[in-house]
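Hi,

Here is the structure I promised to pass on. Have a look at it first, and my notes follow below.

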Amino acid sequence: AKMRAYIDHAICALPFEPEVYRRLDGPAATYVGHPLLTEPALQAFLQSPLKSRPADPPTLLLLPGSRRGEIDRLLGDFGRTFQRLAERRPGLRGVLPTLPRHRARIERAVADWSQRPEVVTGETAKWAAFAKADAALAASGTVSLELALAGIPMALAYKLDPVAYRFRYLVTAWTAALPNFITGHPLVPEHFHEFVRPEHLARRIERLLTDTPERAAQIAGFAEIRQAMAIDRPPGQAAAEIVAELIESNRRER
């Protein structure tokens, strides 16, 4: 409510946000759409039906994060999970998209894995990997929304750095996953710190790599997310119209 004194209108990138503003007696708010919705590569996914059945053998996306600390804390567990999955699902293929600046570091790390994923860089290679993927193991973050919109079932994992971990009690949100916030229920499983256990993750993801109720539930949830986030014009245009209207309204009042 304190925002109303200095905010005329909130421009929202996520569909659940306007209701939060209303419920908490905040300023007027409008959902205009997330910038991801204008990503050219993602348009191909949004215009195609969700892929309900996995390939045989399937392909797993490994997404340990975009920052060095995230990668260092998660890559080892992701590797052990992938190795365990490969033992359970012979023929499993893995693809690990990353930023160019991390490629050499990651390639050195995966060189010791008994089962090695293909490491790729660049936006074109990333979206090509998304197109082939049947499921993903990802660091919790914006990529979870990319995966949901692309229709790729996922399990999320995260480990805070030692300093942030000491203040984890300050986090009061019921989830850290954007797909969960949008659907309003724990659609996507999350694993933090001591719960990032390769044996558990492997079994969780195996259920997503096969035609199971768990996979079907996520696919159905992703359809809800697509519907909730649908827009009829680019977010930037919608936001600009709101700003222009406020400027004109203030001009008339003067």
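How many bridges join strand β1 to β2, and do they run parallel or antiparallel? There are 4 bridges between β1 (residues 9-12) and β2, and the two strands run parallel. Cys12 stands opposite Tyr31 in β2.

Before I go on, a word on the basis: this is a predicted model, where local features need pLDDT of at least 70 and side-chain atom pairs count only at pLDDT 80 or more, while totals for chains, interfaces and linings use all residues. Residues are numbered from 1 along each chain as its sequence is written, and side-chain values use heavy atoms, with hydrogens and water left out. Helices (H or I, at least four residues) and strands (E, at least two) are DSSP runs, numbered from the N terminus, and two strands pair if DSSP finds at least two bridges between them.

**Around β2**

Together with helix α1 (residues 17-23), β1 and β2 make a right-handed β-α-β unit (with the strands pointing away from the viewer, the path from the first strand over the helix to the second runs clockwise). Buried means under 20% relative accessible area, exposed over 50%, and partly exposed in between (1.4 Å probe, protein chains only).

**The open sheet**

Here 6 strands line up as β5-β4-β3-β6-β7-β8, with parallel pairing. β5 (118-121) and β8 (190-192) are at the edges with a single partner strand each, so one side of each has no neighbour in the sheet. Inside the order, β3 (residues 59-63) and β6 (residues 135-139) pair in the parallel sense over 4 bridges, and Leu63 stands opposite Ala138 in β6.

Helix α9 (residues 198-208) packs on this sheet, touching β3, β6, β7 (154-158) and β8; contact means heavy atoms within 4.5 Å.

**A proline to look at**

Pro90 sits in the loop between α3 (68-88) and β4. Pro90 is exposed, at a relative accessible area of 67%. Between Pro90 and Pro58 there are 32 residues of separation in sequence, and 9.6 Å in space, C-alpha to C-alpha.

Best wishes

Conventions:
Axes fitted to C-alpha atoms, helices over the stretch in contact; angles between N-to-C directions.
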